[in-house]
Every structure is written in structure tokens, then in C-alpha cells.
Amino acid sequence: QVQLVESGGGSVQPGGSLRLSCAASGSIFSINAMNWYRQAPGKQRELVAVITSGGSTNYADLVKGRFTISRENAKNTVYLQMNSLKSEDTGVYYCRAEVRLHSASPIIAYWGQGTQVTVSS
């Protein structure tokens with residue numbers, strides 16, 4: 001019913017940049033917070049960045065100052081601009097959206113399929 005489609009992943013050298021996008025589609029009444037997570041092989045999934053419906057943001061310490069999360073509410077899209085990339089940033093990046101399907105209904109979390117980011121020399 002609700003799908004999150006991610007794009008923008010790829011391979012870059014250390015110090016490079018990438019911009020990830022995640023567009024939500026389907027029967028959506030509203031979207032509250034939208035988040036970016038990442039997971040490297042053999043490691044737990046970790047929260048990278050959060051943005052509320054009003055535009056308030058928060059970042060993990062490891063990416064603070066290098067990554068920027070933003071959104072376009074009219075397009076149900078969230079972005080993650082990643083600068084000064086390090087090898088430690090390598091992993092699969094996942095989009096998560098907190099969605100209301102109907103007015104006054106409980107919030108349901110939906111996940112994207114993930115997009116691979118590889119930082120290596």
C-alpha cells in the first residue's frame with residue numbers, strides 16, 4: 001500500500017559526496033518523521049539522521065557536520081546529502097517514514113529497500 005523508493009547510492013572515494021533520495025507513494029494521509037538508517041555487514045543498524053514534519057533535525061555524532069537531512073513535504077520525499085565521506089560510512093542506507101493512512105489513525109512505520117553506499121580508495 002505504501003512504498004518507499006530510494007535512489008542515489010553508489011561508490012565514491014574518501015572525501016567525496018553523494019545525495020540520497022527517498023520518495024514515499026501510496027494512500028498516505030500524512031507523514032510525520034522521516035529517518036535515515038544505515039547498516040554495514042556484521043554490524044547493527046544505526047540511526048543516521050531524523051527530520052520531523054516541521055523540519056527539525058537531529059544527527060548521529062559520527063555524521064554530524066558532514067551529512068544534511070532535508071525533505072519536501074509536497075512530494076513526500078526525504079533527502080540525505082553526504083559530504084566528506086569516509087570509509088566508515090560504507091553500508092546500506094535505509095529510509096524510514098512514519099505514516100498515517102487515515103486521519104487520527106495510529107502511525108505505521110514503513111521502510112525502503114535500501115541503497116548501497118561504498119566509500120573506498
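Reply: What follows is a set of questions about labels, each answered by setting a value against its definition. This is a predicted model, where local features need pLDDT of at least 70, side-chain atom pairs count only at pLDDT 80 or more, and totals for chains, interfaces and linings use all residues. Residues are numbered from 1 along each chain as its sequence is written, and side-chain values use heavy atoms, with hydrogens and water left out.

Me: Which hand does the link of cysteine 22 and cysteine 95 have?

Reply: It is left-handed, with -80° about the S-S bond. Both cysteine 22 and cysteine 95 are buried, too.

Me: Why is the pair of tyrosine 37 and tryptophan 111 called tilted?

Reply: A pair of aromatic rings is described by the distance of the centres and the angle of the planes. Rings of Phe, Tyr and Trp (its six-membered ring) pair if their centres lie within 6.5 Å; planes under 30 degrees apart count as stacked, over 60 as edge-to-face and the rest as tilted. The structure holds one aromatic pair. For tyrosine 37 and tryptophan 111, the centres are 4.9 Å apart and the planes stand at 50°, so this pair is tilted. Tyrosine 37 is in strand β4 (residues 30-39) and tryptophan 111 in strand β10 (residues 108-111), so parts 74 residues apart in sequence are tied together.

Me: How do you know whether tyrosine 37 is buried or exposed?

Reply: Buried means under 20% relative accessible area, exposed over 50%, and partly exposed in between (1.4 Å probe, protein chains only). Tyrosine 37 has 16% relative accessibility, so it counts as buried. Tryptophan 111 has 36%, so it is partly exposed.

Me: What does the charged end of arginine 45 sit over?

Reply: The ring of tryptophan 111, 4.9 Å from its centre. A charge sits over a ring if NZ of Lys or CZ of Arg is within 6 Å of the ring centre and within 35 degrees of the ring normal. Arginine 19 has its charged end over the ring of tyrosine 79, 4.1 Å from the centre.

Me: Where is arginine 45, and what is it in contact with?

Reply: Arginine 45 is in the loop between β4 and β5 (46-51). Contact means heavy atoms within 4.5 Å. Leaving aside neighbours within four places in sequence, arginine 45 is in contact with Tyr37, Arg38, Gln39 and Trp111. At 45% relative accessibility, arginine 45 counts as partly exposed.

Me: Is arginine 66 buried or exposed?

Reply: Buried, because its relative accessible area is 11%. Arginine 66 is in the loop between β6 (57-59) and β7. Not counting residues up to four places away in sequence, arginine 66 touches several residues, including Gln81, Met82 and Asp89.

Me: What makes β7 and strand β8 a pair?

Reply: Two strands pair if DSSP finds at least two bridges between them. β7 and strand β8 (residues 77-82) have six bridges, in the antiparallel sense. Isoleucine 69 stands opposite leucine 80 in β8.

How values were computed
Helices (H or I, at least four residues) and strands (E, at least two) are DSSP runs, numbered from the N terminus. A disulfide is a pair of cysteine sulfur atoms within 2.5 Å.
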